[in-house]
Amino acid sequence: MKQSTVASNFDRDLLFSCYDQSLALLRRNATPYGVLAASRSGTAKERNYDSIFGRDATICALGMAASGEPDLIDCARAGLLTLAGRQAGNGQIPNFVKAGTGDADFWYTGCIDATLWWLIALQGFDRLVPTGDLARELAPQIFRALSWLDCQEHQEFGLLQQNEASDWADIMPRSGFVLYTNALWYLVKQLYGSDSAEHTREIASQLFHPCGNLVPASRRLRLLVQAIREETRPSPFLLSFVNLSCWGTEADLFGNLLALLTGLVDPDRGEEIVAAIRELGAHRPHPLRAVGTPIEPQDPLWRPYMLRHRQNLPWQYHNGGSWPFLGGFWVLALHRLGKEEQAWEELAALAAANQVNDWEFNEWFQGETGSPMGMTGQSWNAAMFLLACRTLSGATPPLF
């Protein structure tokens with residue numbers, strides 16, 4: 001890790017220790033098939049965390065490629081190839097592939113973001129590893145993946161459509177047009193030269209920020225926006241999703257950060273989002289909380305399945321828990337806006353979160369108390385710390 005004048009204002013020993021611990025964790029979780037989602041344990045095996053996940057392994061691939069470590073670069077490449085090898089005939093990338101057996105899982109209601117992250121990771125890998133050339137090697141698989149995503153797109157709006165619980169927040173009720181998914185879709189369109197990228201951005205701006213000044217040209221889109229305006233107060237945050245007669249105001253912070261990082265919103269809007277996150281205190285006790293305001297059991301959006309494994313109660317898991325890997329995206333968002341001192345401060349807070357219980361790298365923390373929860377030895381915590389750290393220090397060009 002390169003030293004930085006700004007970084008010297010914080011606990012450099014903690015940052016260096018987290019860097020070394022992150023490399024060590026990824027090496028422990030590395031397999032010939034790619035990096036496991038979490039360290040091996042009985043619980044990890046029971047919950048399939050000892051697998052190559054479509055979103056985890058691809059996000060990890062970005063940090064592993066950025067590390068410059070040859071063994072981690074090889075592992076990142078192996079994971080991307082493993083997922084490509086189990087691509088469905090229609091082009092979809094699986095939710096996870098079991099290491100060793102090659103058995104593929106596509107989740108109950110699908111896993112639309114696995115394909116998006118896989119496409120993003122291929123471009124990021126080739127950018128960071130000059131000899132990567134994965135995009136050329138996997139050109140047929142890329143064509144099928146893009147074709148499959150095109151088939152999920154609304155013909156008029158240019159936005160992807162999805163089921164409930166079919167992305168990383170796999171026990172949340174977001175459906176229809178989802179902010180998180182469409183921020184990634186906009187990035188994919190930019191990376192792969194789609195002529196309709198700006199159309200997607202325009203419609204997303206109108207739909208997810210319905211209280212803005214834009215008036216949709218489409219009659220159906222106008223009716224959707226009008227209904228939301230009549231029942232929703234203006235907010236600095238974009239809506240988490242929009243469906244026919246419901247929408248999300250819980251403030252999906254990951255989706256909002258991705259809107260900033262991918263350019264789906266302009267920097268001025270990004271400044272408002274970052275300021276609102278800080279005002280909510282969603283970056284404490286650990287960066288970063290998944291949502292601004294959890295969905296309560298009495299809310300019309302509450303679903304019985306949110307009690308699966310008793311995880312998604314308010315302030316827990318996807319419903320208000322704090323996720324260190326999201327902290328990495330938070331740091332990148334601050335960096336994108338030129339807030340270097342704040343970014344280093346949050347990187348140090350992220351290192352402290354990973355350090356809990358002697359470098360346990362907990363999956364998530366209770367959003368109010370900060371109690372460590374979930375699986376230990378979480379790979380994407382380590383990978384996102386590496387990516388954020390190397391981006392801040394200038395060792396890696398920004399990928400977002």
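**View 1. Helices α11 and α12 run roughly antiparallel to each other.** In this predicted model, the two helices pack at an angle of about 150°, with their axes 9 Å apart. Angles over 145 degrees count as roughly antiparallel, under 35 as roughly parallel, 65 to 115 as roughly perpendicular, and the rest as oblique. Axes are lines fitted to C-alpha atoms, for helices over the stretch in contact, and angles run from 0 to 180 degrees between N-to-C directions. The crossing of α11 and α12 is left-handed, a term used when the near helix is turned anticlockwise from the far one by less than a right angle (right-handed if clockwise). Leu-253, Asn-256, Leu-257 and Leu-260 in α11 meet Gly-270, Ile-273, Val-274 and Ile-277 in α12. Contact means heavy atoms within 4.5 Å. These residues divide into six nonpolar, two polar and no charged. Here Ala, Val, Leu, Ile, Met, Phe, Trp, Tyr, Cys and Pro count as nonpolar, Asp, Glu, Lys and Arg as charged, and the others, Gly among them, as polar.

**View 2. Helices α8 and α11 are roughly parallel to each other.** α8 spans residues 179-191 and α11 residues 253-261. Helices (H or I, at least four residues) and strands (E, at least two) are DSSP runs, numbered from the N terminus. The angle between α8 and α11 is about 20°, and their axes lie 8 Å apart. This crossing, too, is left-handed. From α8, the contact uses Leu-179, Tyr-180, Ala-183 and Leu-184. From α11 come Phe-254, Gly-255, Asn-256, Leu-258 and Ala-259. The set holds seven nonpolar residues, two polar and no charged.

**View 3. Trp-117 belongs to the largest nonpolar core.** That core has 139 residues. A nonpolar core is a set of buried Ala, Val, Leu, Ile, Met, Phe, Trp, Tyr and Cys residues joined through side-chain atoms within 4.5 Å. Helix α5 (residues 112-128) gives the most to this core, with 11 residues. Trp-117 is among the residues with the most contacts inside the core, along with Trp-118, Trp-168, Phe-325, Phe-329, Leu-347 and Phe-400. Beyond its neighbours within four places in sequence, Trp-117 touches residues including Tyr-180, Leu-184, Phe-254, Leu-258, Phe-329 and Phe-400.

**View 4. Trp-364 sits buried in strand β8.** The strand covers residues 364-365. Trp-364 has a relative accessible area of 2%. Buried means under 20% relative accessible area, exposed over 50%, and partly exposed in between (1.4 Å probe, protein chains only). Leaving aside neighbours within four places in sequence, Trp-364 is in contact with residues including Gln-311, Tyr-317, Trp-323, Pro-324, Pro-372 and Met-373. In the loop between α14 (340-359) and β8 lies Phe-361. Phe-361 is buried, at 1% relative accessibility. Its phi is positive, near 50°, although this residue is not a glycine.

**View 5. Two cis peptide bonds join Arg-284 to Pro-285 and Pro-287 to Leu-288.** Omega is about 5° for the bond between Arg-284 and Pro-285. Omega is also about 5° for the bond between Pro-287 and Leu-288. Pro-285 lies in the loop between α12 (267-280) and α13 (324-336). Leu-288 is placed in the loop between α12 and α13 as well.

**View 6. Asp-133 has a positive phi without being a glycine.** The value is about 55°. Asp-133 is found in the loop between α5 and α6 (134-137). Asp-133 is partly exposed, with a relative accessible area of 34%.

**Notes.** Residues are numbered from 1 along each chain as its sequence is written, and side-chain values use heavy atoms, with hydrogens and water left out. Local features need pLDDT of at least 70 and side-chain atom pairs count only at pLDDT 80 or more, while totals for chains, interfaces and linings use all residues.
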